Amino acid sequence: MSRKWRWLVAAFALVLTLFCINGVPIDSISKQDGTVFTTRNLVKGSKGTDVRELQGRLKHLGYYKGRIDGDFGWGTYWSVRNFQYKFGMKVDGVAGSKTRTKLTRATRGYNPWAAGGGGGGKSGSKSASKAPAAATKSASYGGKNLSANDLKLLANAVYGESRGEPYVGQVAVAAVILNRLDNPNFPNSVPGIIFQPGAFTAVADGQIWMTPNESAKKAVQDALKGWDPSSSAIYYFNPVTATSKWIWSRPQIKRIGKHIFCR
């Protein structure tokens, strides 16, 4: 075989390799939000890069404790069920389109290639070290490491829940979320707290995805530094718009702007 033909055969083989990932056509992989999820339902026994991403995102939220290995075993199955239950979904342990969409939205900014969740590399590998600089930004709070995605979600929540409030009220909203992070009665991750069903109006009406302004971002940073205008509150509500009778039963601490903060 001539050198030219050998080159053509090698090029063709490379195209075929790129065309399929674990037997899944590359055009079926979602480009939105940087995911590598495919269109197939992921069930116990499934294997592949999309399972790795499933495990990585679940682990990012604190639902999955096992190894990110692309093998959908019992640990992954129960993690999916717990996620579905906490997010008010049908609990069947199957990562179908609705579960994958909800999980992707709950972990926006998550980079499966950098985190070892979907790129086939181990955490700490060279591929992870090439993640964008923004993805490496983090903060520490109460002994917990908060990722760039955590900080972004905090700013989104502050902006969606309290824009138009005095600055001290914005810091107080951020402090409430961080207080819940310290409280064993709430999920142990920022996304888990913010996306807990019924917890925040901004999540219910979609305002959580609005781009936060600099004031909201600064409020998060001030709360992380220890400023808590809420005086250790774990709830707050607007008495004009609140529809829950239960929230009125909570011991009230103070009022800042339009929000009443309580225990």
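This is a predicted model: local features need pLDDT of at least 70, side-chain atom pairs count only at pLDDT 80 or more; totals for chains, interfaces and linings use all residues.
This briefing walks through the fold, helix packing, core and a few individual residues of the structure above.

Residues are numbered from 1 along each chain as its sequence is written, and side-chain values use heavy atoms, with hydrogens and water left out.**Overall picture**

- The protein has 12 helices and 7 strands, taken as DSSP runs numbered from the N terminus (helices are H or I with at least four residues, strands are E with at least two).
- Of the 263 residues in the protein, 45% are buried; buried means under 20% relative accessible area, exposed means over 50%, and partly exposed lies in between, using a 1.4 Å probe and protein chains only.
- Take the contacts between residues at least 6 apart in sequence: 55% of them join residues at least 24 apart, where contact means heavy atoms within 4.5 Å.

**Nonpolar core**

- The largest nonpolar core has 57 residues, and L54 and L146 have the most contacts inside it.
- Helix α9 (residues 167-181) gives this core its largest share, 8 residues.
- A nonpolar core here is a set of buried Ala, Val, Leu, Ile, Met, Phe, Trp, Tyr and Cys residues joined through side-chain atoms within 4.5 Å.
- As background, nonpolar side chains tend to be buried together in soluble globular proteins.

**Helix α4 and its two partners**

- The axes of helix α3 (residues 74-86) and helix α4 (residues 97-106) come within 11 Å and cross at roughly 75 degrees.
- That makes α3 and α4 roughly perpendicular to each other; the classes are roughly parallel under 35 degrees, roughly antiparallel over 145, roughly perpendicular from 65 to 115, and oblique for the rest.
- On the α3 side the contact uses V80, F83 and Q84, and on the α4 side T99, K102 and L103.
- By class, the residues of the contact of α3 with α4 are 3 nonpolar, 2 polar and 1 charged; Ala, Val, Leu, Ile, Met, Phe, Trp, Tyr, Cys and Pro count as nonpolar, Asp, Glu, Lys and Arg as charged, and the others, Gly among them, as polar.
- Helix α2 (residues 49-61) also packs on α4, with axes that come within 10 Å and cross at roughly 50 degrees.
- This angle makes α2 oblique to α4.
- The crossing of α2 and α4 is left-handed, meaning that the near helix is turned anticlockwise from the far one by less than a right angle, with clockwise giving right-handed.
- From α2, L54, R57, L58 and L61 meet L103, T104 and A106 in α4.
- The contact of α2 with α4 has 5 nonpolar, 1 polar and 1 charged residues.
- For these pairs, axes are lines fitted to C-alpha atoms, for helices over the stretch in contact, and angles run from 0 to 180 degrees between N-to-C directions.

- α8 and α9 pack with their axes 9 Å apart, at an angle of about 130 degrees.
- The two helices, α8 and α9, are therefore oblique to each other.
- Their crossing, α8 with α9, is right-handed.
- L154, A157, V158, E161 and S162 of α8 make the contact with Q170, V173, A174, I177 and L178 of α9.
- The tally for the contact of α8 with α9 is 7 nonpolar, 2 polar and 1 charged.
- Helix α12 (residues 214-224) has A216, A219, V220, D222, A223 and L224 as its buried residues.
- Those buried residues of α12 pack against β3 (139-141), β4 (144-146), α8 (148-162) and α9.

- P191 is found in helix α10 (residues 190-194) and counts as buried, at 0% relative accessibility.
- Leaving out residues up to four places away in sequence, P191 touches H60, L61, A106, N149, D150 and L153.
- Q55 is found in helix α2 and counts as buried, at 0% relative accessibility.
- Neighbours within four places aside, Q55 is in contact with Y64, R67, I68, D69, G70, D71 and T76.

**Positive phi after α12**

- G226 follows α12 and has a positive phi, near 110 degrees.
- S231 is not a glycine, yet has a positive phi of about 60 degrees.
- S231 sits in the loop between α12 and β5 (235-237) and counts as partly exposed, at 31% relative accessibility.
- S232 is in the loop between α12 and β5, and its phi is near 70 degrees, a positive value in a residue other than glycine.
- For context, most residues other than glycine have a negative phi.
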